Amino acid sequence: MSRVYNFSAGPAVLPEEVLKEVADEMMDYNGTGMSVMEMSHRSAAFQEIIDTAEKDLRELMNIPDNYKVLFLQGGASQQFAMIPMNLMKNKVADYIVTGQWAKKAYQEAQKYGKANKIASSEDKTFSYIPDCSDLPISPDADYVYICENNTIYGTKFKKLPNTKGKTLVADVSSCFLSEPVDVSKYGIIYGGVQKNIGPAGMVIVIIREDLITEDVLPGTPTMLTYKTHADAGSLYNTPNAYCIYVCGKVFKWLKKMGGLEVMKQRNEEKAKILYDYLDSSKLFKGTVVPEDRSLMNVPFVTGDKEMDAKFVKEATEAGLVNLKGHRTVGGMRASIYNAMPKAGVEALVAFMKKFEEENA
């Protein structure tokens, strides 16, 4: 069977040339006579893989020297606990709830201290980003937390909140490496890699060094202490070695493509094709206010559940797969991450036009 256009929200599409390269090296990585899957994480060959991956990520994102890059397991969801365990010195944190994942992070933080919901867009099914220019930031807050791009609802912070000097912590799982960022504006910027970077099973945490201390909440497990992993170069225990290797390949691919400025232009171009069509369509409509639209995740609906189901079924038969929306929004969602080619978005829009004509 030929390759489909995969619009899954994650695990998601990977660059074909990366997949081919990984396939070519499956039996013998770089003359070692073994696969990276079989390789000791203590070997020189693997040390070079992880060092190169980190170096390339630092270059792509212009990560300042006073930030550590950690390749951790447990996905983004484990960070919901790890962040308060390590950062809640005053036992207070402020959360901006703009979707399912920010809400889960906020609920988890309540186990460790006082988590304040200082802004939310839940009143309109998370279809917008609240005004964050003048928030009631708690004077003793240890940090302010956001989920920067909302995978389920298709919203994105175009402007970071005014944290009034407090440390900003951001989950960027679904917009990681989609555009340039100023890492120095964050205390922690982290994301699961399975949406825009690599295979499932890892989270990358970029953390400012002053936030890495031994002074963590009592009872914090060794494995959930940032210092444990920072001191050991992400090799305290066996990491997700194969995932680090594939992510490293994607970093190389991104550099070859021209870096994050180029990716941003490509992503804007792809998203415009889809949003322009949604704005002109009589059958389909986007669910997000235009000014807060994500470049990565595009939810849309027909307003009729049966019609939505028919669309998803026929799209799947046409090789446009994983378009069913999240159960909390319904309808459809096209995730158009870095590795989704422009041709994939064009094929989707062409199919939508045809479907609209047939079902008008």
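Which residues does UniProt give for the feature "domain: Aminotransferase class V"? The unreviewed entry places this feature at residues 4-348. UniProt positions follow the numbering used here, feature names are shortened, and annotations may be inferred rather than shown by experiment.

This is a predicted model, where local features need pLDDT of at least 70, side-chain atom pairs count only at pLDDT 80 or more, and totals for chains, interfaces and linings use all residues. Residues are numbered from 1 along each chain as its sequence is written, and side-chain values use heavy atoms, with hydrogens and water left out.

**View 1. The annotated span, residues 4-348.** Helices (H or I, at least four residues) and strands (E, at least two) are DSSP runs, numbered from the N terminus.

**View 2. Domain 1 and domain 2 of the protein chain.** Domain 1 covers 3-11 + 258-356, and domain 2 covers 14-255. Such bounds come from an automatic or database domain assignment. The contact takes 31 residues from domain 1 and 34 residues from domain 2. Contact means heavy atoms within 4.5 Å. The C-alpha centres of the two domains are 26 Å apart. Together the domains bury about 2,600 Å², with 55% of it on carbon and sulfur atoms. Buried area is the accessible area (1.4 Å probe) that two parts lose on being put together, summed over both.

**View 3. Polar links between domain 1 and domain 2.** The interface has 18 residue pairs in polar contact, both residues at pLDDT 80 or more. A polar contact is a pair of N or O atoms within 3.5 Å; within protein, one must be able to donate a hydrogen and the other to accept it, and residues adjacent in sequence count only if both atoms are side-chain atoms. On the side of domain 1 that touches domain 2, helix H7 (260-280) and strand S12 (297-301) each supply at least two residues. H7 gives the largest share, seven residues. That side divides into 13 nonpolar, ten polar and eight charged residues. Ala, Val, Leu, Ile, Met, Phe, Trp, Tyr, Cys and Pro count as nonpolar, Asp, Glu, Lys and Arg as charged, and the others, Gly among them, as polar.

**View 4. Salt bridges of Glu16 and Glu17.** A salt bridge is a side-chain nitrogen of Lys or Arg within 4 Å of a carboxyl oxygen of Asp or Glu. The structure holds 24 of them. One salt bridge is counted between domain 1 and domain 2. Glu16 pairs with Arg3, with the closest N and O atoms 3.2 Å apart. Glu17 pairs with Lys256 at 2.6 Å, N to O. Glu17 is in helix H1 (residues 16-24) and Lys256 in helix H6 (residues 241-257), so this pair ties together parts 239 residues apart in sequence.

**View 5. The cis peptide bond from Gly10 to Pro11.** Its omega is near -10 degrees. Pro11 sits in the loop between strand S1 (5-6) and H1. Most peptide bonds are trans.
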